[in-house]
Amino acid sequence: LRRIGYTVFTAESAIKGLEVVEKEKPDIIFVDIIMPVKNGFWFLEHIKKHQDKSIAQIPVIMLTNLDDPDSRLKCCKSGCLFYLVKPQHTPSQIAQLIHDVLAVRKFDKL
């Protein structure tokens with residue numbers, strides 16, 4: 001993503017990720033379900049229920065290796081925009097999805 005011009009912030013845990021989001025307020029968030037200490041569901045819940053509505057409205061895309069209906073359903077019910085299984089998507093497909101999501105967000109702000 002950096003190679004194609006995006007600024008990327010990373011975090012090694014859900015708790016650190018929440019701190020990064022609160023500081024940087026990114027345009028889009030990618031998160032995995034499996035992370036140390038707290039999982040991606042915890043992170044998603046804290047983002048979508050955040051007191052700062054600008055943070056709560058950031059699109060969240062789950063990018064994970066878990067390919068099960070229960071995880072998909074839980075993500076969708078929690079406000080996740082897309083649920084992507086890593087091996088099923090190429091980097092170029094993910095880059096196109098980012099481009100499309102950001103274009104829609106920009107249009108919505110007009």
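**Pockets and cysteines**

Modeller: α1 (14–24), β1 (29–31) and α5 (91–108) each supply at least two residues to the lining of the largest pocket (DSSP runs numbered from the N terminus: helices H or I, at least four residues; strands E, at least two). The model is predicted, with local features needing pLDDT of at least 70 and side-chain atom pairs 80 or more, while totals for chains, interfaces and linings use all residues. Numbering runs from 1 along each chain as its sequence is written, and side-chain values use heavy atoms, without hydrogens or water.

Colleague: Which element gives the most to the lining of the largest pocket?

Modeller: Rolling a water-sized probe over the atoms shows where empty space is left. Here α1 gives the most, with 5 residues. The lining has 27 residues, and V8, F9, I28, I29 and F30 lie nearest the pocket's centre. By class, 17 are nonpolar, 5 polar and 5 charged.

Colleague: What volume does the second largest pocket have?

Modeller: About 220 Å³, and the largest has about 660 Å³. The second one's lining includes L1, R2, F30 and H89; α5 gives the most to that lining, with 4 residues. Its residues divide into 7 nonpolar, 3 polar and 2 charged.

Colleague: How many disulfides does the structure hold?

Modeller: A disulfide is a covalent bond between two cysteine sulfurs. The structure holds 0 (the cut-off is a sulfur pair within 2.5 Å). C75 is in none, with the nearest cysteine sulfur, that of C80, 4.6 Å away. For C76, also in no disulfide, the nearest is again that of C80, at 6.6 Å.

Colleague: Is C75 buried or exposed?

Modeller: C75 counts as buried, because its relative accessibility is 0% (buried is under 20%, exposed over 50%, with a 1.4 Å probe). C76 is exposed, at 53%.

How values were computed. On a 1 Å grid over the protein atoms alone, a cavity is a set of points where a 1.4 Å probe fits but cannot get out, and a pocket is an open set with protein on both sides within 12 Å along at least five of seven lines; lining residues have an atom within 4 Å of a point. Grid points are joined across faces, edges and corners, and a volume is the space filled by probe spheres set on the points. Ala, Val, Leu, Ile, Met, Phe, Trp, Tyr, Cys and Pro count as nonpolar, Asp, Glu, Lys and Arg as charged, and the others, Gly among them, as polar.
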